[in-house]
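Student: I have a structure open and want to learn how to read it. Where do we begin?

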Amino acid sequence: MCEFCTKHGEGKKWYLEAKNYSDDLLSDLRRQKFIKEFFANFLDGFPKMLKDLERFEAAPGAIKWLAKWYLKRKFKREHHGQVVPREDIEKILDMMSTVVRIPCVCRRITRGEDKSYCVGTILSPDSIGIGGLVDESFWAGPDSSGLETIGREEAKSLIADFEKESLCHTVWTFQSPFIGGICNCDRSDCMALIGAVTYSVPVLYKAEYVAEVDWEKCNGCRACMHLCQFGAIGFSATAKKIFIDPRRCFGCGICRARCKPEAIILADRQTHPIAARSWV
Ligand code: SF4
Ligand code: SF4
């Protein structure tokens, strides 16, 4: 279990605890102010942050270490994500009264598109969710219909479609431990994935799982290899099988979804001898 499970999970996975999506947390005025400012500043703020990160990369080691230490504390407090495989996303959706499709703000920056790749989660039917705190005009765009309420089963089928597109499912906090929604991320467009993988910024935590491959079943077709957003899959030229680096694997399950002989499973990260020490 990750540190958030220990702090906010009461013995189970923290993102499966209904209270972490509750209106009780969302009604906190400081949190509401944070959410409003987050979206108001996102379009300008995140590209600027990536430029700052590029500068940090060239900085001396001590400055880089200090910057990452500071960012880790900040993100843990304010806005961090965790990778969650499809079966656990479905359990989250089962807890919700309302699910809302939201245009992806990252893709708005990188692609200039308003595609609804994100999902706002609302526990109580009376709640407005994070989407309702932001001016309606923010969500409207040429490729989306703003905040679109969908049924739970429709949301599950959407998540399954995103998995087929090899998108990585993540949950996101707005002042921890409140979870406001689910994103379906692509390394080329997601600010968090770019930050986490390219710049090692501790904003995205690995899943409670890690992928393992069964060499008895793997036929070496390599269909899974190019799908991994985290560069965790290699190919053994000698054995003619793939191998998975447990230090790099984020446990998203995208490779598993594409493996016809079902050679890949998601194992418990906590009990894995190497992956258990690798959460960001
Ligand atoms: S898709 Fe499955 S069978 Fe093909 S290389 Fe990957 S693990 Fe092996
Ligand atoms: S190896 Fe599989 S489960 Fe691990 S990060 Fe890559 S695609 Fe996801």
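Tutor: Start with burial. A residue is buried if 20 or more other C-beta atoms lie within 10 Å of its own, exposed if 12 or fewer, and partly exposed in between; C-beta atoms are placed from the backbone. A nonpolar core is a set of buried Ala, Val, Leu, Ile, Met, Phe, Trp, Tyr and Cys residues joined through C-beta atoms within 7 Å. One caution: this is a predicted model, where local features need pLDDT of at least 70, side-chain atom pairs count only at pLDDT 80 or more, and totals for chains, interfaces and linings use all residues. Residues are numbered from 1 along each chain as its sequence is written, while chains are lettered from A and ligands numbered from 1 in the order in which they are written.

Student: Which residues touch the most other members of the largest nonpolar core?

Tutor: Ala192 and Cys255, in a core of 70 residues. Helix α9 (residues 191-198) gives the largest share, five residues. Helices (H or I, at least four residues) and strands (E, at least two) are DSSP runs, numbered from the N terminus.

Student: Why does this core lie between domain 1 and domain 2?

Tutor: Domain bounds come from an automatic or database domain assignment. Domain 1 (3-205) and domain 2 (209-277) both give residues to the core, so it lies between them.

Student: How many residues of each domain are in contact?

Tutor: Two residues are in contact if their C-beta atoms, placed from the backbone, lie within 7 Å. Here 10 residues of domain 1 meet 11 residues of domain 2. On the domain 1 side, β7 (168-173) and α9 are the elements that give two or more residues. The C-alpha centres of the two domains lie 25 Å apart.

Student: Is cysteine 252 buried or exposed?

Tutor: Cysteine 252 is buried, because 29 other C-beta atoms lie within 10 Å. Its place is in the loop between β12 (241-244) and α10 (254-258). Leaving aside neighbours within four places in sequence, cysteine 252 contacts Val83, Pro85, Cys168, His169 and Ala207.

Student: What surrounds ligand 2?

Tutor: A residue is near a molecule if its C-beta atom, placed from the backbone, lies within 6 Å of it. Ligand 2 has 14 such residues, and Ala211, Cys228, Cys249, Cys252 and Cys255 are the closest. For classes, Ala, Val, Leu, Ile, Met, Phe, Trp, Tyr, Cys and Pro count as nonpolar, Asp, Glu, Lys and Arg as charged, and the others, Gly among them, as polar. This shell has 12 nonpolar, two polar and no charged residues.
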